[in-house]
Amino acid sequence: MDAPVPRGFHELYGLHGRTALVTGASRGIGAAIARVLAQMGADVAVNHLDDAAAARVVVADIEALGRRAVALDVDVARRDVATALVAAAQQALGPLDVLVVNAARSIHATLEATIEEDIDAQVETNFKATVRLLNATLPAMAQRGFGRVVTIGSIVQEAPIPTLPVYGALKAAHHALVRGLAVRYAARGVTLNNVSPGLIRTERNAWRRAPGGDWDAFARSCSHAARAGEPDEVACAVAMFCAPGASFVTGENLFVAGGAQIAGRRDGEGTGAAD
Ligand SMILES: NC(=O)c1ccc[n+]([C@@H]2O[C@H](COP(=O)([O-])OP(=O)(O)OC[C@H]3O[C@@H](n4cnc5c(N)ncnc54)[C@H](OP(=O)(O)O)[C@@H]3O)[C@@H](O)[C@H]2O)c1
């Protein structure tokens, strides 16, 4: 039997009565995603690591919208926690309809300088945690006939940075994982997509804005928009994939990067000789 296709704007974009879990949601991109899902009507579990005060602010913002929210301080990199994290979210809010896998580690080093511990830390947080969270959520979503999963990638999966070889490879792996699972779950009402940000102004890159840092020049160089993006600009793309009306969109990767995924010079740039 064909699934009913939503029609009106609120049916297409509304998440009223739905529940979401966002990992790494106490600040930055994850916090923006948690807030926009709440604005769409969802109740939201706000996973985080260390910053309980920041998570409480996100929870309060969501509650101020009339939605329910809970902060869950769980290190997703730990092997035994995915099932417990999902269970805690469900106990507080009900069965999960939306999962956004956002928490990640990025450790800068060339491949030769990358130590074993840093490889492990990135593999555990950026990939194995994703697999475990998907395992803990997808079967129930499929059984209920509705699910929206978004993993967060990065521009470096397309435009590599020499000091992020492991991180870049793991971000590319997110998309491959999502594509494989999209095939399996497409007929069961569950979509999986990947959103890959370019440089976004968050605490992750605050060190570049410290006195003597290279933020302005770096941000200009990182996209055809000649600026860094804002967390809300990523959240907007995630919201689109999570919308009920996006029911025929699955296995995709969307760059939110000011065009940085496109090779080519900006307007007004050029060497002359090669033009
Ligand atoms: N910012 C960029 O330019 C950029 C570019 C491309 C891709 N991305 C991707 O976008 C995502 C979010 O990046 P961001 O810049 O918003 O990061 P961020 O500002 O560093 O925030 C990281 C968030 O993840 C949480 N977290 C970190 N490790 C965790 C763990 N092991 N378990 C649970 N929570 C954890 C932190 O919690 P606490 O606050 O409690 O520590 C915080 O809420 C990441 O996947 C990143 O790879 C970012």
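In which sense do strands β4 and β5 pair, and over how many bridges? Strand β4 (residues 98-101) and β5 pair in the parallel sense, over four bridges. Two strands count as paired here if DSSP finds at least two bridges between them. Helices (H or I, at least four residues) and strands (E, at least two) are DSSP runs, numbered from the N terminus.

Before we go on, a word on what you are looking at. This is a predicted model, in which local features need pLDDT of at least 70 and side-chain atom pairs count only at pLDDT 80 or more, while totals for chains, interfaces and linings use all residues. Residues are numbered from 1 along each chain as its sequence is written, and side-chain values use heavy atoms, with hydrogens and water left out.

Let's take the whole chain next. The protein chain has eight helices and seven strands. Its radius of gyration is 19 Å, close to the 19 Å that the globule rule gives for 275 residues, so the chain is as compact as a globular protein of that length. That radius is taken over C-alpha atoms, and the globule rule is 2.2 Å times the number of residues to the power 0.38. Along its principal axes, the C-alpha trace spans about 60 × 40 × 35 Å. Of the 275 residues, 47% are buried. Buried means under 20% relative accessible area, exposed means over 50%, and partly exposed lies in between (1.4 Å probe, protein chains only).

Now back to β5. Six of the six residues of this strand (residues 147-152) are buried, so β5 is largely enclosed by the rest of the structure. Gly147, Val149 and Thr151 point one way, while Arg148, Val150 and Ile152 point the other way.

How does the chain get from β5 to β6? The chain crosses through helix α6 (residues 165-185), and this β-α-β crossover is right-handed. Right-handed means that, with the strands pointing away from the viewer, the path from the first strand over the helix to the second runs clockwise. β4, helix α5 (residues 116-144) and β5 also make a right-handed β-α-β unit.

Strand β1 (residues 19-22) is covered on both faces: Thr19 and Leu21 on one side and Ala20 and Val22 on the other are all buried. β1 pairs with β2 in the parallel sense over four bridges, and valine 22 stands opposite valine 46 in β2. The chain crosses from β1 through α2 to β2, again in a right-handed β-α-β crossover. Three bridges join β1 to β4, and these two strands run parallel. Here valine 22 stands opposite valine 100 in β4.

Two single residues deserve a stop. Valine 195, found in strand β6, is buried, with a relative accessible area of 0%. Its C-alpha atom is separated by 9.4 Å from that of alanine 235, 40 residues apart along the chain. Alanine 226 sits in the loop between α7 (215-221) and α8 (231-242). Alanine 226 is partly exposed, with a relative accessible area of 30%, and its phi is near 60 degrees, a positive value in a residue other than glycine.

Finally, the open and closed spaces. On a 1 Å grid over the protein atoms alone, a cavity is a set of points where a 1.4 Å probe fits but cannot get out; a pocket is an open set with protein on both sides within 12 Å along at least five of seven lines, and lining residues have an atom within 4 Å of a point. Grid points are joined across faces, edges and corners, and a volume is the space filled by probe spheres set on the points.

The largest pocket holds about 1,200 Å³ of space. Its lining has 47 residues, of which Ala104, Ser106, Tyr167, Thr202 and Arg204 lie nearest its centre. α2 gives the largest share of that lining, three residues. The largest cavity has a volume of about 30 Å³, and its lining is made by Val76, Val81, Ala82, Leu85, Ala129, Arg132 and Leu133. α5 gives the most to this cavity lining, with three residues.
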